Amino acid sequence: EEAMPKAPAASKAQPQVKPGTTPDARTMSAYTQKGADTCIKCHDEDSVFPVFSIFKTRHAQTADKRSPFAYLQCETCHGPGAEHAKKVPPGQNQAPIITFGPRSKLTKDKLNPVSVDKQNKICLSCHQGDDRINWHGSIHANADLACVSCHRIHVAHDPVLSKTTQAEVCYRCHTKVRADFYKTSVHPVRAGLLTCSDCHTPHGSSAEHLLIKPTVNQTCYTCHAEKRGPFLWEHAPVAEDCSLCHRPHGSVYPALLTKSLPLLCQQCHSVAGHPAVARTGDALPGGSSPPSAFLLAGSCTNCHSQVHGSNHPSGVRGMR
Amino acid sequence: DDTPKIDTSQWKCKFCAFEEPGVTGALDIGIGYVSDDSYKFGEYNGLNEKGGYFIGNAIVRIRAEDAKYWNIDINNAGLDSRSVNIEGGKQGSYELKLNYDELPHNITDSIATPFLGVGGSNLTLPSTWVRAGSTAGMTDLSNSLHPTDLQTKRKRVGVGATFIASERWKYAVSYRHETREGTRAVGSAFFFNGAQLVMPVDYVTQQIDVSASYTGNAFQARFAYYGSLFSDNNTALTWQNPYVSAAGADSGQLAQPPDNAFHQLTAELGYDFSERTRATADLSIGRMTQNQDFLPVTTNTSLTGYPFALPRSSLDGLVDTVNGKLKITSRVTPKLNLGLTYIYNDHDDKTPQATYTWVSTDTNVNSTTRTNLPYSFRQNKLKLEADYQLTGNTRLSAGFDNDKNDRTYQEVSDTTENTVWGKGKVRIPGTAEMTIKLAHAKRDIGNYEALPWLSPEENPLLRKYNMADRDRDLGSLRIQLLSFNNVSVGFGFEYANDVYSHSSVGLTASRDFSLNADMSAVVDAKTTLYIFLNHEEISSQQSGSSTATIADWSGENKDTIDTIGFGFKHTIIEKKLDVGGDFSITNSQGRVIVDAGSAAAPFPDINADFISAKLYAAYKLRDNLTLKGTYWYQKLDSTNWSYDGVAVDTVSNLLALGQTSPNYSVNVVMMSVRYQF
């Protein structure tokens with residue numbers, strides 16, 4: 001198995017890569033003589049892989065001992081590059097070097113098969129902590145995503161880290177969610193005021209759907225704390241799971257509801273009397289029956305307005 | 001230490017373009033013009049009013065010796081959606097953050113109300129108001145009606161600090177203070193006479209995060225505290241009864257959301273047993289509390305028995321939460337990965353129960369008292385999965401989930417859902433990647449017992465869908481054609497099909513399926529294009545019983561949504577003039593069909609036709625000066641029978657707000673100059 005480079009930051013500054021991945025003598029001997037200066041000779045701003053914007057990023061902060069440029073510079077992440085830097089006759093490929101991204105994953109070039117797992121190990125050798133603790137076995141890891149599937153390293157501003165551009169990165173795979181945010185009732189993602197990572201943590205989570213909190217409701221309460229209660233009179237499905245009535249990515253009905261009222265409520269409420277009655281188009285304005293308060297405007301919520309729970313002693317039925 | 005000793009003495013990095021100490025940045029200054037008022041167009045972006053506005057954005061980067069830095073980012077300075085983010089410190093040692101955000105939510109400006117004091121917690125009717133038994137008799141309505149709007153605005157201030165204490169330990173603390181002010185609509189009733197009211201929103205939410213994280217070679221940990229404190233500056237909304245009332249019911253009182261708090265401690269641990277096997281464990285223990293003083297049972301002093309005694313003066317509401325997850329993943333052989341996950345979620349409502357006398361709509365003392373029901377929920381879920389690399393380009397995965405949910409005070413005490421799933425991923429090197437996933441789940445419930453305390457009692461045939469027997473099938477297919485000739489094309493298909501086979505009343509089936517395609521292309525060094533298409537159908541069937549026995553009516557919902565978007569970027573003159581555009585069209589249709597067993601008028605569709613077109617250009621005047629122009633057109637035509645044609649007095653027993661479906665056509669022109677320094 002091909003040896004991996006060590007983690008950056010000199011050895012003692014930062015946790016190392018996993019045991020068993022120590023470079024062997026062969027690869028150790030193959031670091032360049034002049035470090036980044038060797039690489040930059042070819043990889044200037046006009047090359048196929050321009051890299052200079054990395055100098056505007058944290059990875060190029062030499063005063064931070066954890067930074068790749070404080071250690072082996074380009075070769076901290078890309079591994080020993082002496083062979084790769086050697087001149088080859090026209091028409092021949094350069095010797096391989098560790099590269100990242102889909103070209104690396106899917107290339108037909110047998111010289112360059114850096115698996116996603118290997119790519120990620122290099123990143124995780126520094127970034128295994130915090131919210132990456134749960135990366136292994138997470139849905140994105142199991143989908144074979146490389147860190148660089150979403151992150152761009154050689155740019156001044158990684159689009160996935162910016163509120164206004166992040167969603168576009170996620171939509172590349174989550175195409176249906178992009179369409180959801182064009183519905184009439186949505187959270188302000190298109191307006192750039194809210195983004196995917198306000199609710200989801202892409203590096204793995206203890207919750208389903210990679211939510212930032214352990215449950216759906218705890219996630220929703222981070223912005224909708226007024227619905228948390230506990231209330232004197234709880235509405236059981238509300239305390240259980242907001243998504244029983246709401247579609248968080250968008251709906252054609254107001255308030256992100258899953259369907260129109262009164263049918264939404266009548267899925268669970270069928271007591272004798274007015275809740276059990278079918279409401280038809282007859283009760284629309286101009287219909288054969290008088291316009292009905294059970295159907296129109298807020299429908300059930302015209303009277304039972306405290307659907308999220310009430311703390312009023314007389315709020316048993318959500319009417320106070 | 002086995003770290004390689006590499007001689008880097010010749011690594012001068014003399015060609016490295018490290019950032020020099022100093023200040024750099026960019027400033028956008030300009031003006032925009034919005035052609036029309038529209039709350040829906042400006043729902044979140046703050047462009048709800050016709051007229052000019054100031055365009056102001058700024059990025060400032062300050063770099064100093066010794067890894068010290070500050071970044072200042074100002075967005076939308078001239079709009080209600082403005083934000084300022086400041087972060088800085090010394091990279092590798094500490095980081096400080098300060099941010100300020102405004103988030104408008106313009107809900108509607110199509111409403112009107114006769115009530116005075118809108119925006120406050122006491123709504124009164126004008127002295128000229130004529131109370132009546134129905135809206136038709138409210139003869140002063142047209143005189144007293146005044147237009148108003150519904151909107152809220154959040155303002156958030158956040159501060160945070162991160163300290164990198166050592167190579168392994170990092171500490172972070174952050175605090176966010178949010179105010180949310182404005183109005184929302186709320187329904188109210190006296191018996192069967194309803195009125196839609198404007199309720200004030202005046203909330204404060206504070207959130208605190210404190211964490212310590214440890215990153216070791218094989219062991220990582222994070223310990224955190226999260227606190228969230230909610231307070232509402234209003235406790236109740238009081239309003240005058242616009243209808244002729246039963247004795248004394250001249251006004252009513254609705255509770256506002258009570259102040260509440262949530263505190264949670266979390267530990268996350270990760271450990272590599274070996275190169276092949278990793279375990280992670282998360283545990284969160286939390287407590288939700290709510291103890292705001294109760295409002296009086298009624299404000300109607302003329303009711304027999306007034307004032308009514310309360311069993312306690314406040315709820316002393318208490319919910320303990322435990323959320324845990326244990327996961328072990330192991331590469332058993334180079335080709336076989338196994339995973340085991342156990343999830344535990346507990347929402348244990350320990351709120352004391354008491355028996356309450358209650359008054360319906362401040363009008364009628366109920367003969368039966370009610371006891372509050374502290375609903376508890378507990379989930380135990382076990383997930384097993386295996387992943388096998390069949391060939392270099394084919395991976396197969398399969399799994400089994402067992403999901404048990406317990407509930408208290410509800411019709412079903414426990415449900416069990418078992419899911420089997422399989423996934424295949426095939427890659428044709430350099431050409432395409434295909435992922436197919438199928439799952440089948442079966443949920444079984446124990447006994448379904450109608451709740452004894454409801455009067456009248458619930459239809460015994462009703463099955464609430466979150467605790468009903470259910471068969472669920474899920475499937476998805478994604479084909480990604482890989483960049484050939486710089487064109488990337490993807491196709492996707494997803495469906496979910498739920499059948500509630502033992503539910504004769506309630507939700508009986510639901511289905512969601514979507515088809516999508518997307519393409520992006522790098523035409524040449526000067527031009528890029530993208531296009532996406534999505535078709536989605538969401539449908540469901542339910543049954544009802546007007547006699548609260550066997551089903552005698554059915555309802556169907558069917559939503560169809562089509563979205564198409566495309567855009568381009570093109571360089572007309574290299575390093576001088578760039579243009580681009582983004583276009584999207586969404587047509588949605590919500591169809592409701594209710595079959596009541598006899599001829600009845602159908603519902604018109606709930607439609608929304610949305611078009612957005614944006615064209616932009618950037619012309620570089622000088623190296624550090626760019627002129628930017630944008631033209632943006634957006635149009636929405638929408639209908640919704642819930643609102644359309646429902647004026648304030650259309651319904652005899654509903655004094656409505658008269659809200660209408662949003663329709664707008666807005667042009668926005670923006671001109672600005674970007675100065676880089």
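Predicted model: local features only at pLDDT ≥ 70, side-chain atom pairs only at ≥ 80, totals over all residues.

Residues are numbered from 1 along each chain as its sequence is written, chains are lettered from A in the order in which they are written, and side-chain values use heavy atoms, with hydrogens and water left out.

Chain B has one helix and 34 strands (DSSP runs, H or I of at least four residues for helices and E of at least two for strands, numbered from the N terminus). Its C-alpha trace spans about 95 × 60 × 55 Å along the principal axes. Of its 677 residues, 47% are buried; that means under 20% relative accessible area, with exposed being over 50% and partly exposed in between (1.4 Å probe, protein chains only). As for charge, chain B carries 62 positive and 77 negative side chains, with the centres of the two sets 8 Å apart (Lys and Arg count as positive, Asp and Glu as negative, while His and the chain ends are not counted; the charge is placed at NZ of Lys, CZ of Arg, CG of Asp or CD of Glu).

Now for the salt bridges (a side-chain nitrogen of Lys or Arg within 4 Å of a carboxyl oxygen of Asp or Glu). Over all chains, they number 48. Here are some of them:

| Pair | N to O distance |
|---|---|
| Asp144(A) and Arg395(B) | 3.0 Å |
| Arg63(B) and Glu19(B) | 3.1 Å |
| Glu95(B) and Lys97(B) | 4.0 Å |

The salt bridge of Asp144(A) with Arg395(B) crosses between chains, from the loop between helix 7 (139-142) and helix 8 (147-150) of chain A to strand 22 (residues 394-407) of chain B.

Arg63(B) is buried at 15% relative accessibility, whereas Glu19(B) is partly exposed at 27%.

Finally, Lys34(A), Lys41(A), Lys87(A), Lys12(B) and Lys14(B) form a surface patch of positive charge (residues with over 30% relative accessible area and no salt bridge, like charges joined within 9 Å). Lys87(A) sits in the loop between helix 4 (82-85) and helix 5 (102-106) of chain A and is exposed, at 82% relative accessible area.

Notes. Patch = residues over 30% accessible without salt bridge, like charges linked within 9 Å, V, L, I, M, F, W, Y side chains within 5 Å. Areas by Shrake-Rupley, 256 points an atom, 1.4 Å probe, with all protein chains shown as cover.
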